[in-house]
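Subject: Structure handover

Hello,

Here is the structure I promised to pass on. Please open it first, then read my notes below.

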Amino acid sequence: MLLMIAKSAEPTKHPVDGLKRLTDSLSDQYHPTVSPLLARQAELFGIPVTSIQPTPRDRFRRTSYIDEDVIGAEIYAKGSTLIAIRLMEATRLRPHRDENGKVIRKEATICGISVAYAGPALDERVMREFEGHVKEIWGVELREREAPSQKLAEIESLGQGGKAEAPTDQDVKCAAIRDFN
């Protein structure tokens, strides 16, 4: 059985070469897979690696309802744990008040980090260590996202455990007034 935990954070900005700095800060026990694969492909074709690294806008197709760029991604393996990290930037129009108090819409860029851990067993030490490196470079703590099914279970549990109240005499009279035939 494969277990997975997803965590995310919203830093104020992405540092220059943040993903490279992260990779360089990790011990030799972490094995990146995406960057070496691109480097090997470039070597096989005899071209610079930068020529096969598309710009963020080319890398992933955007949806029509969100203006989001994936600016970097990597997959690491440490022991039996896979760690996938994705760096995003999304541009949104946000309401702001100008100096006259009028609401205007300004473009704002929101940065995001998404990390997923997967494996037959999840090593808490590996996750804490990796998140320490993320915090050192981006200055944020990753938080686990709740799956929609967990939220649904919480909502469903709110309506359980009690009995419906018996109708009052007034309820019965009101129901009898209406002829449903």
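A nonpolar core is a set of buried Ala, Val, Leu, Ile, Met, Phe, Trp, Tyr and Cys residues joined through side-chain atoms within 4.5 Å. Buried means under 20% relative accessible area, exposed over 50%, and partly exposed in between (1.4 Å probe, protein chains only).

This is a predicted model: local features need pLDDT of at least 70, side-chain atom pairs count only at pLDDT 80 or more, and totals for chains, interfaces and linings use all residues. Residues are numbered from 1 along each chain as its sequence is written, and side-chain values use heavy atoms, with hydrogens and water left out.

**The core**

The largest nonpolar core has 21 residues. L22, Y76, I85, I113 and F130 have the most contacts inside it. At least two residues each come from β1, α1 (18-25), β4, β5 and α4 (124-138). The largest share, six residues, is from α4. Helices (H or I, at least four residues) and strands (E, at least two) are DSSP runs, numbered from the N terminus.

Take L22. Contact means heavy atoms within 4.5 Å. Not counting residues up to four places away in sequence, L22 touches Y76, I85, F130, H133, V134, I137 and W138.

**The sheet**

Six strands form an open sheet, in the order β2-β3-β4-β5-β1-β6, with antiparallel pairing. Two strands pair if DSSP finds at least two bridges between them. The edge strands, β2 (31-32) and β6, each pair on one side only. Seven bridges join β1 to β5. One of the partners there is Y117 in β5, bridged to I5. Two bridges link β1 with β6 (residues 143-144). S8 has R143 of β6 as its bridge partner.

T81 sits in strand β4. Is T81 buried or exposed? T81 is buried, with a relative accessible area of 3%. Leaving aside neighbours within four places in sequence, its contacts are Y76, Y117, A118, A121, D123 and V126.

**A pocket**

A pocket is an open set of points on a 1 Å grid over the protein atoms alone, where a 1.4 Å probe fits, with protein on both sides within 12 Å along at least five of seven lines; lining residues have an atom within 4 Å of a point. The second largest pocket has 16 lining residues. E10, M88, I110, C111 and G112 lie nearest its centre. Two or more lining residues come from each of β1 (3-9), β4 (81-97) and β5 (103-119).

Best regards
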